[in-house]
Amino acid sequence: MIAVTGATGYVGRRLVKTLIGEGERVRCLVRAGADTSIFQRLSIDMVQGDVGHLSSLKAACVGVDSVVHLVAIIREEGLSTFDDVNYQGTRNLMNAIQESSVKRFILLSAIGAQPNPRYPYLHSKWLGEQAVVTGDIPYTIIRPSIMFGRGDEFINAVAASVKWGPVAPIIGSGKTKLQPIFADDVAKCISLTLKNPQLVGRVIEIGGPQQLSYRELVEIVLRTCKLKRVMIHLPVFLIRPVSKLMGCLVPYPPITPTLLNMLDVDNVAEVDSVKKYFQFDPIPIDGNIGYILGMNKKDAFIISLGLKPA
């Protein structure tokens, strides 16, 4: 049996459906109040728990052969800090499986994970990786670049920023390199990792087939939406106080101080990384983000304000 934490999340729901489609037995660790309706037609074992509660993690790992750990946050909210979730949550899970039958552990991390506190999110991901690497369970760590697909945050936020106004705002130089990868392809990579013992002990960085600057990504969004906008570069020092204010006032700020800092760091892997490790060609972002066409100007404005449209 394979246990998946964060099963109702953006990658989790895709991975669970992939694994079930391949005939695997899956146990989903879900938080209280999580929307599990997406799994109502799937034959899965569901356990309620939280990465902050060791007893629930131990219960979720009973009789499990492999664990895929997907729980993480990209923005801090209330008591949910990068340290508590991305690091301590991973450490708790590693402690929970010490007395279990788990023989394989897959951690979804992030490109750029590093021991530099200047980047709190990336630092917390690196600390989570260290909790895995220093354990004694055979592991594989997968670091994807930014992900796209229906329901994503990043591409939808970019689309929102260009749809409701007359300009296309670009924070900073727009030269930061990104390598967007389709979320379903990330789920496929995780599934293939579970079946490949040669990937044990590896830290694998993956991305899509296109390395793009942030400005080029905005241009793809504009082409997809058939929009013409004047691109305006906004200095980071002007956006920083706005991002701090939005973080205090709204639940889903499109930009945070943490994300602003990460504009210093390119987010790319080897261009052929997926082909090299998993023997398939990932889907390019150009021509495959038609889902943003369903966003109207009202929704775009709401998203840009840091809220969620109905």
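This is a predicted model: local features need pLDDT of at least 70, side-chain atom pairs count only at pLDDT 80 or more; totals for chains, interfaces and linings use all residues.
A search of the whole structure turns up two cavities of 30 Å³ or more. Let us take the second largest cavity to begin with, which holds about 40 Å³ of space. Three elements, α3 (82–96), β5 (104–108) and α4 (120–133), each give at least two residues to its lining. The lining itself is made up of His 69, Val 71, Asn 86, Thr 90, Leu 107, Leu 108, Ser 109, Lys 125 and Gly 128. Sorted by class, those residues come out as three nonpolar, five polar and one charged.

The largest cavity has a volume of about 60 Å³. Around it you will find Ala 3, Val 4, Thr 5, Arg 27, Cys 28, Leu 29, Leu 57, Ala 60, Cys 61, Val 67 and Leu 93. The elements that contribute two or more of these lining residues are β1 (2–5), β2 (26–30) and α2 (54–60). Its class make-up is nine nonpolar residues, one polar and one charged.

For Cys 28, the nearest cysteine sulfur belongs to Cys 61 and is 13 Å away. Cys 28 counts as buried because its relative accessible area is 0%, under the 20% cut-off. Cys 248, with a relative accessible area of 69%, is exposed, because that value is over 50%.

Now for an open space. The second largest pocket contains about 220 Å³. Of the 15 residues that line this pocket, Arg 75, Glu 76, Gly 247, Thr 256 and Pro 257 lie nearest its centre. Both α8 (236–249) and α9 (257–261) supply at least two lining residues, and α8 has the largest share, with four. By class, the pocket lining has seven nonpolar, four polar and four charged residues.

Next, have a look at Ser 273, which sits in helix α10 (residues 273–278). Is Ser 273 buried or exposed? Its relative accessible area is 1%, so it is buried.

Finally, a word on backbone angles. Most residues other than glycine have a negative phi. Lys 226, which is not a glycine, has a positive phi near 55°. Lys 226 lies in the loop between α7 (214–225) and β13 (230–234), and its 76% relative accessibility makes it exposed. Gln 279 is another non-glycine residue with a positive phi, about 60°. Gln 279 is placed in the loop between α10 and α11 (297–304), and at 54% relative accessibility it counts as exposed.

Terms used: Residues are numbered from 1 along each chain as its sequence is written. Side-chain values use heavy atoms; hydrogens and water are left out. Buried means under 20% relative accessible area, exposed over 50%, partly exposed in between (1.4 Å probe, protein chains only). On a 1 Å grid over the protein atoms alone, a cavity is a set of points where a 1.4 Å probe fits but cannot get out, and a pocket is an open set with protein on both sides within 12 Å along at least five of seven lines; lining residues have an atom within 4 Å of a point. Grid points are joined across faces, edges and corners, and a volume is the space filled by probe spheres set on the points. Ala, Val, Leu, Ile, Met, Phe, Trp, Tyr, Cys and Pro count as nonpolar, Asp, Glu, Lys and Arg as charged, and the others, Gly among them, as polar. A disulfide is a pair of cysteine sulfur atoms within 2.5 Å.
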